[in-house]
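Here's a quick briefing on the fold shown below.

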Amino acid sequence: MTHTISPWVVADDFIGIYDEQGRCLADMDSEGAPYVDYDESLANAHLMAAAPDLLAALEWAVDAAGADQYETCWYATARMAIAKAKNARRNSRYNCCDHDR
């Protein structure tokens with residue numbers, strides 16, 4: 001499985017996320033949603049639109065990490081986040097860094 005190639009953009013007027021060809025990737029319109037207001041929907045849309053760039057940056061950081069980083073909390077957490085983004089079947093527990101949050 002692979003995601004739509006970035007860039008993804010947010011159309012503020014409809015709170016949608018679109019690709020370069022104008023295809024709708026997600027409709028974030030909060031109308032009728034009982035617990036999500038416009039501002040929260042817009043913030044969520046911007047976070048989702050940044051996801052491909054964030055994933056690429058995190059993959060780069062993990063690949064660039066030296067062998068001494070393999071057992072660190074940030075490295076394990078980063079790998080779990082990458083697996084989650086790629087829908088990999090892994091045990092995604094963030095216990096190692098609970099004290100750092």
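Predicted model: local features only at pLDDT ≥ 70, side-chain atom pairs only at ≥ 80, totals over all residues.

**Helix packing and cores**

Residues are numbered from 1 along each chain as its sequence is written, and side-chain values use heavy atoms, with hydrogens and water left out.

- The contact (heavy atoms within 4.5 Å) is made by Leu55, Leu58, Glu59, Ala61 and Val62 of α1 and by Trp74, Tyr75, Ala78, Arg79, Ala81, Ile82 and Ala85 of α2.
- By class, this contact has ten nonpolar, no polar and two charged residues; Ala, Val, Leu, Ile, Met, Phe, Trp, Tyr, Cys and Pro count as nonpolar, Asp, Glu, Lys and Arg as charged, and the others, Gly among them, as polar.
- The axes of α1 (residues 38-64) and α2 (residues 73-85) come within 10 Å and cross at roughly 140°; axes are lines fitted to C-alpha atoms, for helices over the stretch in contact, and angles run from 0 to 180 degrees between N-to-C directions.
- α1 and α2 are therefore oblique to each other, since angles under 35 degrees count as roughly parallel, over 145 as roughly antiparallel, 65 to 115 as roughly perpendicular and the rest as oblique.

**Trp74**

- Trp74 sits in helix α2 and, at 35% relative accessibility, counts as partly exposed (buried is under 20% relative accessible area, exposed over 50%, partly exposed in between, with a 1.4 Å probe and protein chains only).
- Its C-alpha atom is 9.3 Å from that of Val62, twelve residues apart along the chain.

**Cores**

- Val10, Ile15, Ile17, Met28, Leu42, Ala45 and Ala49 form the largest nonpolar core, seven residues in all; such a core is a set of buried Ala, Val, Leu, Ile, Met, Phe, Trp, Tyr and Cys residues joined through side-chain atoms within 4.5 Å.
- α1 gives the most to this core, with three residues.
- A second, separate core of six residues includes Val62, Ala65, Ala78 and Ile82.

**The fold overall**

- From the N terminus on, the elements run β-β-β-α-α; helices (H or I, at least four residues) and strands (E, at least two) are DSSP runs, numbered from the N terminus.
- Buried residues make up 23% of the 101 residues.
- A cis peptide bond joins Ser6 and Pro7, with omega about 10°, and Pro7 lies in the segment before β1 (9-11).
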